[in-house]
Structure formats: C-alpha cells, structure tokens
Amino acid sequence: MTTARRTQQERRDLAENALLTAATELVAEQGVRSLTLARVGERAGYSRGLVTHHFGSKQGLVEHLARSAQSGFVPGLGDLPPGLDRLLRLIDGYIAALGSMDLRNKVFLMLWAESATLPELVPIFHERAEVFLADLREDLTAGIADGTVHPGVAPEETAIAVFGQLRGIGLQRLLDPGLVDTERLRGPVTAHWRRALTRHSS
C-alpha cells in the first residue's frame with residue numbers, strides 16, 4: 001500500500017501550523033519575552049532557519065500568532081449582515097469564548113496585555129484594535145440606518161465603549177479566572193447593550 005506524498009504547499013502549511021502551535025505553547029508557559037526563533041523551532045521539531053524562512057523574524061512570528069489567535073474568536077458571524085443583531089451576537093459570543101479560555105484565546109490576551117510594556121507589540125495590537133473597532137462601528141452605523149439602533153447613538157464612541165468592556169472582561173478573566181463567571185455574565189452584558197442601543201417605538 002502506497003501513501004500519497006504531500007504536496008509542497010501541504011508540507012509548508014503543516015510546518016507553519018506546527019511552528020505557530022509551538023510558539024503558542026511557549027508564550028502561554030513563559031510569556032512573549034522568552035520567545036525565540038530557536039526555541040520555537042526546537043519545540044516544533046524544526047530548525048531555527050525554517051522558522052526564519054516562514055516568519056522572517058520574531059516580530060513577524062508574533063504578528064502571525066496574534067492574527068491567528070484572533071481569527072475565528074467568535075465563530076458564525078461571517079455570513080451575518082452588519083447591524084444590531086450581529087453586534088449583540090458578537091458581544092455574547094465574545095464573552096462565551098472567554099469562558100473556554102483555550103490556549104489561543106489565552107495567548108492573544110497575554111500578548112495584548114504585554115503590549116502595554118513592549119513597544120514592538122504596539123503596532124500589532126493597534127492594527128487588531130482598529131479591525132475590531134471598524135466592525136463595531138459598521139454594525140452601529142448599519143443599525144442606525146435600518147432603524148434598529150437609536151439615532152442618537154454615536155458609533156465611534158459607542159464602539160470604543162463596547163471594545164473596552166469586552167477587552168476588560170477578557171483581561172480580568174486572564175488574571176483571575178475564578179472571579180469571572182462568563183456564563184452568568186454574558187446574558188446581562190448583552191441585555192444591557194440591547195437596552196442601551198435599541199430604538200423603541202413611540
């Protein structure tokens with residue numbers, strides 16, 4: 001019985017996933033300051049040179065790590081049109097995802113927290129924040145346009161408030177998991193934003 005040989009792209013994808021997994025584990029165990037290309041390669045069973053080939057530098061590796069950790073944080077939103085419903089599902093799903101606190105979620109929050117003291121992380125998380133805020137603004141603007149969100153709501157400022165609350169809950173969950181019961185919290189937080197944003201009939 002012959003085994004089909006992997007294509008070059010399959011081998012590349014396999015190696016990249018293994019390296020990102022190794023980097024995720026190392027950050028979770030010891031923080032981003034301890035991360036080196038050599039240690040990632042050793043953990044994944046590859047050479048340091050292959051890590052450099054895939055990511056270029058530690059900065060490039062951390063950027064890939066942050067993007068891969070955030071992508072799909074709240075599944076099921078991609079096919080929904082912008083608006084109040086998508087925003088509320090995002091809030092509820094984000095808090096629910098914090099409840100599982102899997103390794104990728106934990107590492108993203110660790111990197112975000114460390115960006116306050118590591119200048120090399122600032123551009124990465126500034127970009128990630130802008131993407132998140134843009135989605136929130138889009139939902140709020142669409143909701144105002146279709147009449148589900150109160151016209152007096154300011155999309156820019158409200159997006160920042162939602163963003164700050166969700167990231168704050170995430171940070172607290174990271175620092176003291178026993179204090180944050182996400183299953184109890186998600187309902188009241190989502191209900192608060194529904195009441196605050198919904199346009200009620202006269």
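# Reading a helical model

Modeller: From the N terminus on, the elements run α-α-α-α-α-α-α-α-α. This is a predicted model.

Colleague: How many helices and how many strands are there in the protein?

Modeller: The protein has nine helices and zero strands. Its C-alpha atoms fill a box of roughly 70 × 40 × 30 Å along the principal axes.

Colleague: What share of the contacts in the protein with a separation of 6 or more comes from residues 24 or more positions apart?

Modeller: That share is 68%. As for burial, 40% of the 202 residues count as buried. The accessible surface comes to about 10900 Å², and carbon and sulfur atoms hold 54% of that area.

Colleague: Which residues have the most contacts inside the largest nonpolar core?

Modeller: They are L35, V40, L61, I91, L111, L136 and L197, in a core of 57 residues. Helix α5, residues 84-100, gives the most to this core, with nine residues. For L197, leaving aside neighbours within four places in sequence, the contacts are L84, L87, L140, T148, V149, H150, V153 and T158.

Colleague: Which residues in α6 are buried?

Modeller: The buried ones are N105, V107, F108, L109, M110, L111 and E114. L111 is also among the core residues with the most contacts.

Colleague: What follows α6, and where is S115 placed?

Modeller: S115 sits in the loop between α6 (103-114) and α7 (122-146).

Colleague: Is S115 buried or exposed?

Modeller: The cut-off for buried is under 20% relative accessible area. S115 has 12%, so S115 is buried. Not counting residues up to four places away in sequence, S115 touches L121, V122 and F125.

Colleague: Which residue forms a salt bridge with R128, and how far apart are the closest N and O atoms?

Modeller: The partner is E127, and the closest N and O atoms are 3.2 Å apart. R128 is buried at 12% relative accessible area, whereas E127 counts as partly exposed at 31%.

Colleague: And how does a pair inside one helix come about?

Modeller: An α-helix has 3.6 residues a turn, so residues three or four places apart point the same way. Here R186 and E183 both lie in helix α9, residues 182-197, three residues apart, about one turn of the helix. They form a salt bridge with closest N and O atoms 3.2 Å apart. R186 is partly exposed, with a relative accessible area of 22%, and E183 is exposed at 52%.

Colleague: Which residues are linked in a network of salt bridges?

Modeller: E25, E29 and R43 are linked in such a network.

Conventions: Residues numbered from 1 in each chain as written. Predicted model: local features only at pLDDT ≥ 70, side-chain atom pairs only at ≥ 80, totals over all residues. Heavy atoms only, no water. Helix = DSSP H or I, 4+ residues; strand = E, 2+ residues; numbered from the N terminus. Buried < 20%, exposed > 50% of the residue type's maximum accessible area, 1.4 Å probe, protein only. Contact = heavy atoms within 4.5 Å. Core = buried A, V, L, I, M, F, W, Y, C linked by side-chain atoms within 4.5 Å. Areas by Shrake-Rupley, 256 points an atom, 1.4 Å probe, with all protein chains shown as cover. Salt bridge = Lys/Arg side-chain N within 4 Å of Asp/Glu carboxyl O.
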